[in-house]
Amino acid sequence: MRHILSILIENEAGALARVVGLFAARAFNIDSLSVSTTEDTTMSRMTIVTHGSDDVIEQITKQLNKLIEVVKVVDLTDGYHIERELMLVKVRAAGKDRDEMKRLSDIFRGRILDVTDKSYTIELTGNSDKLDAFIAAIEPGTILETVRTGASGIGRGERILKI
Amino acid sequence: MSQETSPHGQPTLTHGQPHLTGAEIIMRCLAEEKVEFVFGYPGGAVLNIYDEIFKQDKFKHVLVRHEQAAVHAADAYSRSSQKIGVCLVTSGPGVTNAVTGIATAFMDSIPMVVISGQVPTHAIGQDAFQECDTVGITRPCVKHNFLVKDVKDLALTLKKAFYIASTGRPGPVLVDIPKDVTANKCAFEYPKEITMRSYSPAGKGHSGQIKKAVQLLLEAKRPMIYAGGGVVLNDASAQLTKLVRMLGAPCTNTLMGLGGFPASDPQFLGMLGMHGTYEANMAMQDCDVLLAVGARFDDRVIGNPGHFFRDGRKIIHIDIDPSSISKRVKVDVPIVGYVRDVLNEMISLIEASDKTPDAAALKSWWATVNEWQSKKCMVFKPTIGDGRIKPQAVVQALWNVTGGDAIITSDVGQHQMWAAQYYPFDKPRRWINSGGLGTMGVGIPYAMGAQLANPGATVACVTGEGSVQMCIQELSTCKQYNIPMKIINLNNRSLGMVRQWQEFFYGNRYAESYMNALPDFVKLAEAYGHVGMKIEKAGDVDGALREAFALKDRLVFMDFITDETENVFPMIPGGKGLSEMILAEDL
């Protein structure tokens, strides 16, 4: 099953390498990983999307907690949460496809950031499923390039991950 | 020597405190930690540190012949004394040589601080001479590591290193210190206490879970206690022994836990696992309540977890490391905490309880256990005819000659298993071996560390002619520091454990497991300034051992030419379950 882990970690050199190294060494999966500092610059917040059986997720959580620099780990999928991912996609947009591409982008609430005679660069945010759906909706041959940030997640309502 | 200066490198006074160099600060920190020995090897990046070592007399530096041995010796110093082992190596090859030692200590959760030199901060990343990415290389095999980029962080980092190494589940911590940091100066202050928001080792075990565990154990019909290295590391032998006797249950130790429960106690079933006793392994399978204490159900202990599963058996697991619990085996009552505290709480609960263990059920359980014991799985064929030496008999004779009270180190292989099987330990910290990583070559440096930590003790290294050659150069260190260990070389002219597997599972195709062109170990020992003995007849074993151990102040290398056809039994083939043992009598 897919899980979204939110991690508070000391903003120190090598901390990211420890997390990634742990996943590699123990054969855990990383579907996506996004990380940046928080409002407190001594700390980073990381969102890891992973998948595995309940036993595997339990081990991942325990092993992450064992890392000396990890302050807190929360499995966002344990409760209500919000998840967003940003995608930039450059598509072929020429001739009759041009209008269709614009319409499709509007339907997915995308924003066109850059235009040439032959292409659009579209910004799209949403949960990862929505981005997948957009990719599926357009003809594979029209995609020139995609770049995705991986999901960021946060708990709903009063659910807060902080020290 | 580098000429870097630092912005805060002025030898001025602030608040009356003199500014010290990084190297001086390291000396002060080690003194604050009451370090007695530093095992190390000098090199370019640590020259400033060595210059300060030259000027101080708070600790003794032990110069090894290879960095791997420095780490092993520091590791055994810790294993045999409960103190933190400290070693010091230079950058680049100094560190890479140390990696085997660090990984060995990591697998067995040994508290240790490794200080490594690094090229100056401005040279990092420039592929400088003797540069390597030390924190990167060691990251997967340390509990934690640090690169100190500023001398102002040095004292706090070393404090953290000692704190992290020795608390929670212990482990090695490496501190990488660039050369300019050892030259730069700042005011020195060593923090007395330390708290880290990201690190809080587990506290007390959950009292509700502990109650549940006690209740299960008191109601058990066929209780079994399985104790590992955590009992030794947390000095919980007295508590374990008391609890086992209160419960009247059988008890087994893992390879790492030997001595954690006295082997001479009638409730002890011997070691369990791949080469464990028939009775210990059978009792693990057939008990109805299993109490695991500071052990981790690893592959060499329970074999295939699928085969280990038994419907209805309840498992209680006490461990300091939550990730050890329910990793390979699902448990019913997990208890995270220091095993000594948890055992103490269990003992108090039993003392306060009006319930007692079910005597009738225990009686019939012991009858079953006794039946398993009557198989006498540890009996080996005695010497016949030509008087070839049985390796097991050498270990038994060693036990007799040392009164069962020596510190025994071992290398890795058949001899290691025979030492574990035939030298029963009544006390913890007497059995020093590489259980997790299985590192050949640890034997001699382990004996060095153990002897330095316990100057009055009798220390013997049970090894084989394969393993012993992996750190043989340390015979030179032993000469320099007059370490009077006795080396029991069970020489079967082959890599015995490899050969055993080839005999059982590879159709007797002995690929590269034969040790050709062995040195003359007697001459080799003599060349290093020690005493060498060669023993070839079974009848000479006892006398030779007595003669060697009478030489109290000499290292004696005893080369026993043993029966090369001997194998280690019982044995659970890889991938099989605990009740699928091969016994000597089956063959």
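This is a predicted model: local features need pLDDT of at least 70, side-chain atom pairs count only at pLDDT 80 or more; totals for chains, interfaces and linings use all residues.
Local features rest on residues with pLDDT of at least 70 and side-chain atom pairs on pLDDT 80 or more, whereas totals for chains, interfaces and linings use all residues. Residues are numbered from 1 along each chain as its sequence is written, with chains lettered from A in the order in which they are written.

The secondary structure of chain B comprises 22 helices and 21 strands, both taken as DSSP runs numbered from the N terminus (helices, H or I, at least four residues; strands, E, at least two). The C-alpha trace of chain B spans about 80 × 60 × 40 Å along its principal axes. Its radius of gyration, 25 Å, agrees with the value near 25 Å for a compact globule of 587 residues; this quantity is taken over C-alpha atoms, and the globule rule is 2.2 Å times the number of residues to the power 0.38. Of the 587 residues in chain B, 54% are buried, that is, have 20 or more other C-beta atoms within 10 Å of their own, with C-beta atoms placed from the backbone. Among contacts in chain B with a separation of 6 or more, 77% involve residues 24 or more positions apart, a contact requiring C-beta atoms, placed from the backbone, within 7 Å.

In chain B, strands E3 (residues 37-40) and E4 (residues 60-63) run parallel and are joined by 4 bridges, where pairing requires at least two DSSP bridges. B:Phe39 stands opposite B:Val62 in E4(B). Together with helix H2 (residues 47-55) of chain B, E3(B) and E4(B) form a right-handed β-α-β unit; with the strands pointing away from the viewer, the path from the first strand over the helix to the second runs clockwise.

The largest nonpolar core contains 205 residues, of which B:Ala70 and B:Val113 touch the most other members. Such a core is a set of buried Ala, Val, Leu, Ile, Met, Phe, Trp, Tyr and Cys residues joined through C-beta atoms within 7 Å. Beyond its neighbours within four places in sequence, B:Val113 contacts B:Ile84, B:Val86, B:Ala161, B:Phe162, B:Ala165, B:Val173 and B:Val175. Another core, of 10 residues, lies apart and includes A:Val89 and A:Phe134.

Chain A has 4 helices and 9 strands, and buried residues make up 27% of its 163 residues. At the interface, 16 residues of chain A are in contact with 12 residues of chain B. Helix H1 (15-25), helix H2 (54-66) and strand E4 (70-75) of chain A each give two or more residues to this side of chain A, with the largest share, 5 residues, coming from H2(A).

Key
Two residues are in contact if their C-beta atoms, placed from the backbone, lie within 7 Å. A residue is buried if 20 or more other C-beta atoms lie within 10 Å of its own, exposed if 12 or fewer, and partly exposed in between; C-beta atoms are placed from the backbone.
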